[in-house]
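Please read the following briefing alongside the sequence and the model. It treats charged contacts, a sheet and aromatic contacts in turn.

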Amino acid sequence: MEGECSGVKPSDDEIWAKLVPSDSRYSDVEIRSDEKVVCSEISGSSSDKHSWCKIVRNSDLCSATMENKSSNTMLVDGAEVHNAETVVIKDRSEIIPGPDREGFVSYRFDILSSPETSQKLLQIRVDVENAKCSICLNIWHDVVTVAPCLHNFCNGCFSEWLRRSQEKRSTVLCPQCRGVVQFVGKNHFLRTIAEDMVRADSSLRRSDEEVALLDTYSSVRSNLVIGSGKKTRRKRAHTPVDDQSDGTDLQCPQCVNEVGGFRCNSNTVHLQCQACGGMMPSRTGFSAPQYCSGCDRSFCGAYWRALGVPGSGSYPVCSQDTLKPISEHSISRIPLLAHEKNLHEQNITEICIRQMGRTLQDVVSEWIAKLNNKEIDITRLVLNHAEMINARTFVCGDCYQKLVSFLLYWFRISIPKYRLPAEASAREDCWYGYACRTQHHSEEHARKRNHVCRPTRGSHM
């Protein structure tokens, strides 16, 4: 098999991609031009060749468009591609030049790095010394960023620094530059970088005991607003009018009045509600939850409801429905996230529920009970603290939708094929199951193959 240029003259001799055969007896097909027709010999004794496919480099430099130029049906990442049809292929896409794996050599499409792609693709390079917490001098763990200085620390390290600072002084200073800290929050971008660095170099990894201890100190779950603690100088005697100032420094109802035996002081750290934007004091150990257990974002509805504080024009208070136990949530429509956003699979699940004479809420409640009883593998549950999730756990609406999507996967898995609609029961499972990428850009493949199943090929096995 070899490649021939078609239509576009290569600007240089650079190889930007390869087709790598699974059988080492065959050589790689090098792709140098932006458009290339790949040909194969008809027989070993003949110089005649026939076109196999055409590969056109896409403008994003991260993918290509492949056209089937043979008379055979081909398989690309498990999806059938017929004669003259095109499909987008990405790095490490699998191409089989026939309708079945048997009798055909599979090829892996590899995109090679180059100076051209390096200019267009974002590459992050971080020196190890610049990724260390200045408190413990180790690589960041669960990194948080403070503002306005934007220095970064381990969550546990800074949480302990914050606790001790509030005990000793009226302001919280940055451990690195000694500037006044006004805000602190988790930095998910830097956390990913730090985790990648630890995976790449095991010598940077801390012991499990040290990580566990650090996690016990961590108190930053959502963005915290830290009061300056400054006292205004007075040139006159204190009067009640002073307590009714313009409210610039009064961030929440408990900054104004004592409620439930608590009133904010100059050192009180505040949380900003992710629903209404209002503020509430950060109170570790208070009976009412302030965070969603699924995403660690802060919501004020449950907190103010427990204290009986209504909303006002000055201090917004969101609805109690923004954060409540899983058992109190309700749902009437299958979430868009369900079945990896595959609308065909969502319709099949909806038909199954209807044919059983049940409602979506009935099904969800049944599977929440199974979750409570530890009858479900939670490996794919994309919520924080997944092992602690149960019917009494407080979650926000977004996390409830994710939970329902997860439970509907297991509901579908539990249904025997003969109980599926006729057109669905006859389908074969996709090799790549729920992890299939083709289902998102090929309507035909999404419809013809069952994707509510475990992968039997690829990295998600």
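**Salt bridges, a sheet and aromatic contacts**

D142, K186, R191, E195, R221 and D296 are linked in a network of salt bridges, a salt bridge being a side-chain nitrogen of Lys or Arg within 4 Å of a carboxyl oxygen of Asp or Glu. The structure is a predicted model, in which local features need pLDDT of at least 70 and side-chain atom pairs count only at pLDDT 80 or more, while totals for chains, interfaces and linings use all residues. Residues are numbered from 1 along each chain as its sequence is written, and side-chain values use heavy atoms, with hydrogens and water left out.

**Salt bridges**

- By this rule the count comes to 30 salt bridges.
- One of them joins the side chains of R191 and D142 at 3.3 Å, N to O, and this pair links distant parts of the chain, with R191 in helix α3 (residues 188–200) and D142 in the loop between α1 (115–120) and β12, 49 residues apart; helices (H or I, at least four residues) and strands (E, at least two) are DSSP runs, numbered from the N terminus.
- R191 counts as partly exposed at 33% relative accessibility, whereas D142, at 12%, counts as buried (buried means under 20% relative accessible area, exposed over 50%, partly exposed in between, with a 1.4 Å probe and protein chains only).
- R191 also meets E195 in a salt bridge of 3.1 Å, N to O; because the two are four residues apart in helix α3, about one helical turn separates them.
- E340 forms a salt bridge with R380, with the closest N and O atoms 2.8 Å apart; E340 lies in the loop between β18 (324–325) and α7 (343–355) and R380 in the loop between α8 (360–372) and β19 (394–395), so the pair ties together parts that are 40 residues apart in sequence.

**Sheet**

- An open sheet of six strands runs in the order β13-β12-β14-β15-β16-β17 with antiparallel pairing, where strands pair if DSSP finds at least two bridges between them.
- β13 (152–154) and β17 (279–281) stand at the edges with a single partner strand each, so one side of each is left without a neighbour in the sheet.
- Strand β16 (residues 269–272) pairs with β17 in the antiparallel sense over three bridges, and the bridge partner of Q272 in β17 is M279.

**Aromatic contacts**

- The charged end of R380 sits over the ring of Y409, 4.9 Å from its centre, the criterion being NZ of Lys or CZ of Arg within 6 Å of the ring centre and within 35 degrees of the ring normal.
- The charged end of R283 sits over the ring of F262, 4.2 Å from its centre.
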